[in-house]
Amino acid sequence: MVVDQAEKLRLMVRKTRGRRARVIAVTSGKGGVGKSNVAANLSICLAASRRKVTLIDADFGLANLDLLFNARTTRTIAQLAFGRKTMDELVIPVRGGVGLVCGVSGMTELAQMTDMQRNHIVQQMSTLEDNNDMIIVDTGAGISANVLSFCESADHTIIVTTPEPTSMTDAYAMIKALSKGSSGVKLSLLVNMADSRNQARKVYRKLADTARKFLSVSITDAGYILYDESVSNAVHRCEPVVLAYPRSQASYCFLTLASKFGRGSEAASIEEGFFRKVVNWFF
């Protein structure tokens with residue numbers, strides 16, 4: 001299986017150099033919940049703390065991270081799948097100090113990859129662990145084989161939902177699908193476009209309690225991103241919101257999210273030293 005082979009690669013890396021990049025997958029049960037925005041802004045906030053971060057657009061059906069960064073390149077992950085480029089050759093520098101690997105939108109060949117092609121991409125991703133501190137993978141939406149492969153191969157998967165009932169239902173379907181795997185990947189739930197902290201907490205509690213009761217799965221709380229028109233305004237400017245509107249409430253939420261995952265802890269409190277570095281970088 002893809003997961004087993006990816007884990008073998010990780011073990012080899014650990015033995016040879018004693019450390020490796022953390023891989024975080026950002027996924028969702030359905031489209032339209034802001035998953036790619038989360039991946040992009042989280043990557044920038046992590047890079048602001050002097051970490052080397054690579055962001056991979058692994059949504060092979062509706063790739064759009066190149067638009068968020070206004071990146072113009074002919075190098076895409078399609079060339080990786082068909083053996084024309086290596087992963088290192090595909091990384092391009094973008095604003096915010098992040099390395100970006102662009103996906104290809106609308107290519108059905110990639111949306112329906114063979115096991116061999118999918119395995120090749122996961123192996124190539126592992127080569128980035130040698131020269132990065134963190135790798136953020138923006139997966140496609142839904143529970144296709146491609147999406148589950150990336151989520152199960154990651155060290156941690158962030159499932160993005162909104163307070164809408166349909167989004168919550170699809171988020172639970174994603175949790176259920178991932179709970180059937182044997183990879184032991186850690187799962188967190190992020191509530192995007194929340195009206196308030198209390199609303200986000202209710203959404204988390206409902207999904208976490210249901211997953212614990214019926215799936216025997218523990219879901220940690222990744223927090224929330226408040227609804228903010230600055231996010232859509234930034235998209236129209238082809239910029240991540242933390243760069244376009246660094247003082248917006250959404251940007252502060254992304255800083256808080258990065259503070260949790262940047263130090264490898266699930267604790268909800270903010271590590272002051274890291275938070276100060278990130279805030280100074282923006283302001």
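This is a predicted model: local features need pLDDT of at least 70, side-chain atom pairs count only at pLDDT 80 or more; totals for chains, interfaces and linings use all residues.

**Pocket**

I started with the lining of the largest pocket, where H11 gives the most, with four residues. Residues are numbered from 1 along each chain as its sequence is written, and side-chain values use heavy atoms, with hydrogens and water left out.

I read off about 680 Å³ of space for the largest pocket. My pocket rule, on a 1 Å grid over the protein atoms alone: an open set of points where a 1.4 Å probe fits, with protein on both sides within 12 Å along at least five of seven lines; lining residues have an atom within 4 Å of a point. The volume is the space filled by probe spheres set on the points, which are joined across faces, edges and corners.

I found 35 lining residues, with Gly-32, Gly-34, Lys-35, Ser-36 and Asn-64 nearest the centre. Elements giving two or more residues to that lining include H2 (35-47), S5 (134-141), H8 (145-153) and H11 (229-236). Helices (H or I, at least four residues) and strands (E, at least two) are DSSP runs, numbered from the N terminus.

**Sheet**

Next I traced an open sheet of eight strands with mixed pairing, in the order S3-S4-S2-S5-S1-S6-S7-S8. I marked S3 (92-94) and S8 (220-226) as edge strands, each pairing on one side only. Two strands pair if DSSP finds at least two bridges between them. S1 (22-28) and S6 (156-161) are parallel over five bridges, and Ala-25 stands opposite Thr-157 in S6.

H9 (165-179) packs on the sheet, touching S1, S6 and S7 (186-194), with its direction at about 160° to that of S6. Angles run from 0 to 180 degrees between N-to-C directions, with axes fitted to C-alpha atoms, for helices over the stretch in contact. I then followed H10 (197-215), which lies across S6, S7 and S8 at about 145° to S7.

**Thr-162 and cysteines**

I looked up Thr-162 in the loop between S6 and H9. Buried or exposed? At 6% relative accessibility, Thr-162 is buried (under 20%; exposed is over 50%, partly exposed in between; 1.4 Å probe, protein chains only). Leaving out residues up to four places away in sequence, Thr-162 touches Val-33, Ser-167, Met-168, Asn-192 and Met-193 (contact: heavy atoms within 4.5 Å).

Last, I checked for disulfides (cysteine sulfur atoms within 2.5 Å) and got zero. Cys-102 is buried at 4%, and Cys-253 is buried at 10%.
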